[in-house]
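Biologist: I'd like to go through this model and ask what stands behind the labels. Could you show it to me?

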Amino acid sequence: MAELTRFYQMFQPKHYDLFLNIDRKAKQFTGKTTITGAAKESQIAIHQKDLTIISVQANGQALPFTTDPAADALRIDLQQTGNVELTITYKAALTDTMMGIYPSYYELNGVKKQIIGTQFETNFARQAFPCIDEPEAKATFELALKFDEQPGETVLSNMPEARVEDGVHYFEKTVRMSTYLVAFAFGELQSKLTTTESGVKIGVFATKAHQANELDFALDIAKRSIEFYEEFYQTPYPLPHSWQLALPDFSAGAMENWGLVTYREAYLLLDPANTALDMKQLVATVIAHELAHQWFGDLVTMKWWDDLWLNESFANMMEYVAIDALEPNWRIWESFQTSEAPAALQRDATDGVQSVHVQVNNPAEIDALFDGAIVYAKGARMLVMVRALIGDDALRTGLKNYFAAHQFGNATGADLWAALGVAAGIDVGAIMNSWLEQPGYPVVTAAVEEGQLVLTQQQFFIGAGEEQGRNWQIPLNSNYAAVPAILTTKKVVVGDYAKLRAAAAEPFRLNIGNNSHFIVKYDTTLLQDILDQSASLGAVSQLQILQDLRLLAEGRLLSYVAIVPVLTQFANSHFAIVNAALYQVAGNLKKFVTPDSIAEQNLRTFYDKLSEAQVTRLGWNAKENETNDDQLTRPYVLRAALYARNQAAIEAAHVLFTKNKHQLVALPAAIRVFVLANEVKHFGSAALCEQLLQQYRQSTDASFKSDLCAALSSTPDANLIAQLIARFEDADTIKPQDLRAWFRNVLANDDGQQAAWDWIRAEWQWLEKTVGGDMEFTTYITVIASIFHTPARLAEFKAFFEPKIKTPGLTREIQMDIKVIEGRVNLIEEEKAAVNDTIAQLVK
Ligand SMILES: [Zn+2]
């Protein structure tokens, strides 16, 4: 394990001239990098990884050098400090790891093709050219690119192309920027272009395997997002163009390379005529997220990776701010409550979780930093909390000043708080530190004690947790004026409850809007008061009741038995997000029942009761002019009816399948997955599965592919499961980027779990080799932990992963996931009988 020394201390680059010559056929490239900069020490180190260094010159003089693979270093003794021009020649291989410079594969009319693209975040620029690969080491770049070019190929980079000479593409010099944001790509591409009101060129690029109209949605969102941010940030977009490029192989969701944002195809391209609303919303927020980074992250960059949250939390909040402005009818902040909020509340309740701001001591830890639920979701919740505290005017003024002070440079969290604090006249940093530096979050208990309304805070845990006496500064957002704005102490006595209740004439509530990162445990009286009047509450408040109750039950502060009847109360809600929260609780109940037991049968009947009226109300087909809520609710209730094995639902899905069997992709996207899965489960055959798998291989529609994956992996047939698993390592069928979804789906299938679990244990080394250097790797462990819930699986999980606990980057994940499964197993063992009894009573 290499200790992390900052190479920027030794050498500070100012400008890079990059020349790359890429040979796709031979899968290799050669490079010549000239770096001008200032040596602060005579012995310097430059980052490089897996490059074969051929020569090093300083100011034209050849110099000896050594490479130090453990530190990703090229070490050079300059003999003196001061300004120097280094020229390094090298060669390297193109690998299929989706890092550095890498090929993306696809098929067009049966012919295999590739697009070359790049992925340099977090520290993979060093696999493409020698550099000081640290965010602080900003410099300008001039890229020259040569490759085995064919007529009609398109070449893209951060900046426009300046000229082509002797087959070399020269790009304009960039502004001052970090290495991890450098990008280029080439291949046969189609595009759609437009221009913003301020003159920024906007483009969407994709392979020609897609229909041209699949680029339209992204083009519109990208253009309007850039326009929105220019106005919101009061800072012009800093580059001449903003290209969005869909790459067939892509590990993360998308990457904010400055001026050349790269995306998974699923997160950029969509069929405008047949894509579910929630998928459109997802694509829109991903684009808005990456474009928020063009300022926050690219123009001003975190000084070091410990402030990664600065980039991600902020972009994660802004994607909602932007889309809410662009598409107000979507009420996108409600989606925040069903995606970011529960993700953060779940993960952050496990003891051992990282804080938002976290030290980085080892290179492998940089990737482990990308804990989505914390750095993205919890961080975004922190900023939503700040936004609620200071308001949009102060936020915008603060940001404008922040960009002006740090543009083309770096900043820390403290710099942001300072800028926002000055604009708002509040010490934002003081409030935020308790949230950013401490892991976890509090549960606030609201109780009436001897007539007094009393609030107390303590850390909330799901699973075993060690009380550390942590305290938070909690914005309480109560509907009772007597409650302090911020709870800073362990306990506060608000006053005489009877008087407060009478004066307010409504139930006592905290965290209205659910913008603060805490949950509330009301005592029985207070909770019943809220539940009695829940019908008059808005969507977010209703969702919050279900969400908090679920978390309290998982944290053993309440029994699941108490929640089951509450589900019935909300079952006919017309709010989509309430149904989302409701069916999340209902989904957890599946873990209390053994497959093919009476308890399972009762649970299915319970699902039928929950969903019956809504299925009748909504039907299978979208109605003309129906509300967004109805569109988004339909999938929850249909899924429930099918789980219930409701005969009418099974038959209806079968009829839809039969009607559309020659063009399954044309089934309405919002319900397609249920129709396909129903067919596989109840009317399936080997021939059908082969046919669906064939379509999976051939389709370029990411939503359809995801539906086929879900349907196929739900098969109860052991032979078919074995055949699917046999394809896990066949990249021509299942791309490595999509493998986790396949693995997850089969593992979640009771009939497939054993085979999937056997596969990952047998193929762990293959998996590590294929996706190991990647920020997605640890999430395979998270996926397993999200599903396992029996003592036997817990023991197997420990037996397999405990020996790997010292692996850099995996330690925290394994420790946490053992706690996650242990907590769940204990909960189920202790409450199973009572929960199943309650359900049996309800379905009698
Ligand atoms: Zn991001």
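**What the labels rest on**

Modeller: Let's start with arginine 556, which is partly exposed, with a relative accessible area of 34%. Bear in mind that this is a predicted model.

Biologist: Why is arginine 556 called partly exposed?

Modeller: Buried means under 20% and exposed means over 50%, with partly exposed in between. Arginine 556 has 34%, so it is partly exposed. Its place is in the loop between H12 and H13, and its phi is positive, about 65°, although it is not a glycine.

Biologist: What makes arginine 556 and glutamate 831 a salt bridge?

Modeller: The cut-off is a Lys or Arg side-chain nitrogen within 4 Å of an Asp or Glu carboxyl oxygen. For glutamate 831 and arginine 556 the N to O value is 3.9 Å, and the pair counts as a salt bridge. Glutamate 831 lies in helix H27 (residues 811–843) and arginine 556 in the loop between helix H12 (539–554) and helix H13 (560–570), so the pair ties together parts that are 275 residues apart in sequence.

Biologist: And glutamate 831, buried or exposed?

Modeller: Buried: its relative accessibility is 9%, and the label needs under 20%.

Biologist: How do you know that glutamate 822 and lysine 798 form a salt bridge?

Modeller: Their closest N and O atoms are 3.0 Å apart, and the limit is 4 Å. Glutamate 822 sits in helix H27 and lysine 798 in helix H26 (residues 791–801), so to speak a link between distant parts of the chain, 24 residues apart.

Biologist: Why are glutamate 822 and lysine 798 both called partly exposed?

Modeller: The label covers values between 20% and 50%. Glutamate 822 comes in at 26% relative accessibility, and lysine 798 at 24%.

Biologist: How many salt bridges turn up in the whole structure?

Modeller: A search finds 35. One of them joins aspartate 738 and arginine 264, with the closest N and O atoms 3.5 Å apart. Aspartate 738 belongs to helix H22 (residues 736–748) and arginine 264 to strand S20 (residues 260–264), so this pair ties together parts 474 residues apart in sequence. Both partners are buried. There is also a network of salt bridges linking Arg24, Asp148 and Glu153.

Biologist: Staying with helix H22, what can you tell me about asparagine 745?

Modeller: Asparagine 745 has its place in that helix and is partly exposed, with a relative accessible area of 21%. The buried label would need under 20%. Leaving out residues up to four places away in sequence, asparagine 745 touches Cys709, Ala710 and Ser713.

Biologist: Why is threonine 235 called buried?

Modeller: Its relative accessible area is 10%, and the label applies under 20%. Threonine 235 lies in the loop between helix H1 (216–233) and strand S18 (241–247). Beyond its neighbours within four places in sequence, threonine 235 is in contact with Glu230, Trp295, Leu299, Lys400 and Phe403.

Biologist: Why is helix H5 described as largely enclosed?

Modeller: Of the 8 residues in helix H5 (residues 340–347), 6 are buried, so the rest of the structure largely encloses this helix. The buried ones are Glu340, Ala341, Pro342, Ala344, Leu345 and Arg347.

Biologist: Which residues gather in a patch of positive charge on the surface?

Modeller: Lys590, Arg639, Arg645 and Lys681. A patch residue needs over 30% relative accessible area, and lysine 590 has 31%, which also counts as partly exposed. Lysine 590 lies in the loop between helix H14 (576–589) and helix H15 (598–618).

Biologist: What about the backbone: which bond is cis, joining glutamate 121 and threonine 122?

Modeller: The peptide bond between them, with omega about 5°. Threonine 122 lies in the loop between strand S10 (111–119) and strand S11 (140–147).

Biologist: And what is the phi of arginine 331?

Modeller: Positive, about 45°, although arginine 331 is not a glycine. Arginine 331 is found in the loop between helix H3 (308–326) and helix H4 (332–338), and at 37% relative accessible area it is partly exposed.

Key
Residues numbered from 1 in each chain as written. Predicted model: local features only at pLDDT ≥ 70, side-chain atom pairs only at ≥ 80, totals over all residues. Heavy atoms only, no water. Patch = residues over 30% accessible without salt bridge, like charges linked within 9 Å, V, L, I, M, F, W, Y side chains within 5 Å. Areas by Shrake-Rupley, 256 points an atom, 1.4 Å probe, with all protein chains shown as cover. Lys, Arg positive; Asp, Glu negative; His and termini not counted. Charge placed at Lys NZ, Arg CZ, Asp CG, Glu CD. Helix = DSSP H or I, 4+ residues; strand = E, 2+ residues; numbered from the N terminus. Buried < 20%, exposed > 50% of the residue type's maximum accessible area, 1.4 Å probe, protein only. Contact = heavy atoms within 4.5 Å.
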